[in-house]
Amino acid sequence: MDPAQLTQTLWETLKPYLPVLLTEAAKAGGKRVPEAIGRLWQEITDRLRKRPAAAEALADLQAAPDDADAQAALRLQVRKLLAADEALAAQLADLLQQAGARYRAELHGDGAIAQGPGATATGSRSVFIGGDAQGNIIVTGDGNRVRDVDKEEDDGL
């Protein structure tokens, strides 16, 4: 696998776990991350710490996990590491496979996201019915009033 592509895949896989992986909580509560993710992180960080620029990038990310520049600097160091060590790249690609399928999605604005087998999503203000809804009234939107026209006289409407 191309080092740039492998780096991107690694990043997308590890990123959701970074808040735990970058803290001491990862050592104490290692059960918070899947085993394969922990192994990926350990393999990468063990190698990064041996390279001064990479160790600095890792320290910068630990100090500011949400900093986009720190994230980019670490990704660059990972890519350089993988380009220089084909055996490590192959090992990490295998570990990624063991970590299993990961889904990634971003939603901007209204809508819905569904991922994985059997997932179903509906759009903004829509309704999904997975079975029989015969005889029901379904209303979506804001400021709606629902009334029964047959009971209008009884309710004074």
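In helix α4, which spans residues 35-48, Arg47 and Glu43 are 4 residues apart and are therefore separated by about one helical turn. In this predicted model, the side chains of these two residues, Arg47 and Glu43, meet in a salt bridge with an N to O distance of 4.0 Å. Glu43 counts as partly exposed, because its relative accessibility is 23%. Arg47 is likewise assigned to the partly exposed class, at 26% relative accessibility.

A salt bridge also joins the side chain of Arg47 to that of Asp85, with 3.0 Å from N to O. Arg47 belongs to helix α4, whereas Asp85 is placed in the loop between α6 (68-84) and α7, so the pair ties together parts that are 38 residues apart in sequence. Asp85 has a relative accessibility of 24% and therefore counts as partly exposed. Through shared partners, the salt bridges join Glu43, Arg47 and Asp85 into one network. The structure holds 2 salt bridges.

The secondary structure of the chain consists of 8 helices, with 0 strands. Along the sequence, the elements accordingly follow the pattern α-α-α-α-α-α-α-α. The chain has 157 residues, of which 22% are buried.

A polar atom of the Thr13 side chain lies 2.8 Å from the backbone oxygen of Thr9. This distance falls in the range of a polar contact, for which the N or O atoms must be within 3.5 Å.

Attention now turns to the surface. Five acidic residues, namely Glu56, Asp60, Asp66, Asp67 and Asp69, form a negative surface patch. Of these, Glu56 is located in helix α5, which covers residues 52-63. With a relative accessible area of 51%, Glu56 is exposed, since the exposed class begins over 50%.

A nonpolar patch is also found on the surface, where it is formed by Val127, Ile129 and Ile138. Together, the three residues of this patch have about 240 Å² of accessible area. Ile129, one of its members, is situated in the loop between α7 and α8. The relative accessibility of Ile129 is 40%, and the residue therefore counts as partly exposed.

Thr120 is likewise found in the loop between α7 (86-99) and α8 (152-155). At 47% relative accessibility, Thr120 is classed as partly exposed, because the exposed class requires a value over 50%. The C-alpha atoms of Thr120 and Gly130 are 9.5 Å apart in space, while the two residues are 10 residues apart in sequence.

Technical notes:
Residues numbered from 1 in each chain as written. Predicted model: local features only at pLDDT ≥ 70, side-chain atom pairs only at ≥ 80, totals over all residues. Heavy atoms only, no water. Patch = residues over 30% accessible without salt bridge, like charges linked within 9 Å, V, L, I, M, F, W, Y side chains within 5 Å. Areas by Shrake-Rupley, 256 points an atom, 1.4 Å probe, with all protein chains shown as cover. Lys, Arg positive; Asp, Glu negative; His and termini not counted. Charge placed at Lys NZ, Arg CZ, Asp CG, Glu CD. Helix = DSSP H or I, 4+ residues; strand = E, 2+ residues; numbered from the N terminus. Buried < 20%, exposed > 50% of the residue type's maximum accessible area, 1.4 Å probe, protein only. Polar contact = N/O pair within 3.5 Å; in protein donor to acceptor, adjacent residues only side chain to side chain.
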